[in-house]
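Subject: Structure handover

Hello,

Here is the structure I promised to pass on. Please open it and keep it beside this email as you read.

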Amino acid sequence: MCQSNTLQGPDLHTGKWLQFPQLALRRRLGQLSCMSRPALKLRSWPLTILYYLLPFGALKPLTRVGWRPMSRVALYKSVPTRLLSRAWGRLNQVELPTWLRKPVYSLYIWTFGVNMKEAAVEDLHHYRNLSEFFRRKLKPQARPVCCVHSVISPSDGKILNFGQVKNCEVEQVKGVTYSLESFLGPRISREELRFSQAPPRNSFQQQLVTKEGNELYHCVIYLAPGDYHCFHSPTDWRVSHRRHFPGSLMSVNPGVARWIKELFCHNERVVLTGDWKHGFFSLTAVGATNVGSIRIYFDQDLHTNSPCYSKGSYNDFSFISNNNKEGIPMRKGEHLGEFNLGSTIVLIFEAPKDFKFQLKAGQKIRFGEALGSL
């Protein structure tokens, strides 16, 4: 007579060993292994969530019979953040009754520490929906633009990281890097960048440097939900090219950024590239959960968080044409775009070796304040 295999564990009440139906579980898990990958993910979700949530390793016996939980990163990546973000976007567009506006916005203000005294319109009843409230404008005197330093902060936020780009890697937070080429995508033609006084070079990082003796620098600014959601031009420059990467919409909170390597390369983002007086300059707006909508004011053809996209794909658009050989000129402090909630701005630019940042990692910064200068 055939007996089922068992796992044994201590009974806290009797001191005896409990029988665990190992063979039956193996058969059941064998059925799971034959399922298609999407179906298997779906069926693994409940067990994986329970595995991480239940105390005292209640589901650990399952790992002894061949079942393996999804990693926390894989579990998070499998969440349909794009769908959730589109649903959140629809909700934001719903017009609130006048009587409900003040309680809803007051709760948000209290939760995220919003300073409404800086808003161009302080009356909460003025904002018809959450989207209008998130994209509120500031009073002109609320953010004076620094005229002394050559590069200013394009937005309110928190400085996550800054410094020279080294070995084609950029730090998203301290100790966690991503590939410069994966983030910006394949290099566009030298004719589109137009200016190049440096000889041909091998690495992607070296190819971006257009002037002999210059270095490549980066700065990462995280916009929290309570921050001013518009972003501005950080310097005087000309935008020649836009590259849109459809992608995931995972949270870009610093805690998650420490957890997921190359997070910024996975997320949807809009890369604007061009040149300033010292050579190559780029500004990238990175999307996040509930921030599928990235708007660039001068780019009416840009549409983000579309329902369908090909993983790893991107769309290019050149602002240089037969009728416009200069691209889009931007003045320091000029309105450039907006998010629907908090997100991240990444600056990557070349400058002479004596360029110095006026920053500390982790500091709060406001639009118009100095990032660095020569």
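Below is what turned up, topic by topic.

**Overall picture**

First, a caution: this is a predicted model. The protein has 374 residues, and 46% of them are buried. It contains twelve helices and 19 strands. Now look at contacts between residues at least 6 apart in sequence. Of these, 73% join residues at least 24 apart.

**The cores**

The largest nonpolar core has 32 residues. Which of them touch the most other members? They are Cys 219, Phe 231, Trp 237, Ile 345, Leu 347, Phe 349 and Leu 371. Several strands each supply at least two residues of this core, including E7 (214-223), E9 (237-245), E10 (269-276), E11 (279-286) and E16 (343-352).

Go back to Trp 237 for a moment. Leave out residues up to four places away in sequence. Trp 237 then touches a run of residues that includes Leu 272, Thr 273, Gly 274, Asp 275 and Trp 276. Its other contacts include Phe 281, Ser 282 and Leu 283, as well as Ile 328, Pro 329 and Met 330.

**The annotated site**

An unreviewed UniProt entry lists Asp 156, His 232 and Ser 343 under "active site". These residues are spread over 188 residues of sequence. In space they cluster, with a largest C-alpha distance of 14.2 Å.

Is His 232 buried or exposed? The relative accessible area of His 232 is 3%, so His 232 is buried. Find His 232 in strand E8 (residues 230-232). Set aside neighbours within four places in sequence, and His 232 is in contact with Pro 154, Leu 283, Gly 333, Glu 334, His 335, Leu 336 and Phe 367.

Ser 343 is in strand E16. Ser 343 is buried as well, with a relative accessible area of 0%.

**Aromatic rings**

How many aromatic pairs does the structure hold? The count is 23.

Start with Tyr 108 and Phe 112. Their ring centres are 4.7 Å apart and their planes are 50 degrees apart, a tilted pair. Both sit in helix H6 (residues 98-112). They are four residues apart there, so about one helical turn separates them. Tyr 108 counts as buried because its relative accessibility is 12%. Phe 112 has 38%, so Phe 112 counts as partly exposed.

Now compare Phe 317 and Phe 319. Why is this pair edge-to-face? The planes meet at 70 degrees, and the cut-off is over 60. The ring centres are 5.2 Å apart. Phe 317 counts as partly exposed, at 30% relative accessibility. Phe 319 counts as buried, at 8%.

One aromatic cluster is made of Phe 162, Tyr 217, Trp 237, Trp 276, Phe 281, Phe 349, Phe 355 and Phe 357. You have already met Trp 237 and Phe 349 as core residues.

Charged side chains also meet rings. Arg 136 lies over the face of Phe 133, at 4.9 Å from the ring centre. Arg 269 lies over the face of Phe 245, at 3.9 Å from the ring centre.

**Two loop residues**

Thr 210 is in the loop between helix H10 (204-208) and strand E7. Thr 210 counts as buried, because its relative accessibility is 5%. A polar contact of 2.5 Å joins its side chain to that of Glu 350.

Asp 236 is in the loop between E8 and E9. At 36% relative accessible area, Asp 236 is partly exposed. Which residues does Asp 236 touch, not counting those up to four places away in sequence? They are Trp 276, Met 330, Arg 331 and Lys 332. Take Lys 332. It is 96 residues from Asp 236 in sequence, yet the C-alpha to C-alpha distance is 4.9 Å. The side chain of Asp 236 reaches the backbone nitrogen of Lys 332 at 2.7 Å.

Best wishes

Note on methods
Residues numbered from 1 in each chain as written. Predicted model: local features only at pLDDT ≥ 70, side-chain atom pairs only at ≥ 80, totals over all residues. Heavy atoms only, no water. Core = buried A, V, L, I, M, F, W, Y, C linked by side-chain atoms within 4.5 Å. Buried < 20%, exposed > 50% of the residue type's maximum accessible area, 1.4 Å probe, protein only. Contact = heavy atoms within 4.5 Å. UniProt positions renumbered as here; feature names shortened; annotations may be inferred. Phe/Tyr/Trp six-rings, centres within 6.5 Å; stacked < 30°, edge-to-face > 60°. Lys NZ or Arg CZ within 6 Å of the ring centre and 35° of its normal. Polar contact = N/O pair within 3.5 Å; in protein donor to acceptor, adjacent residues only side chain to side chain.
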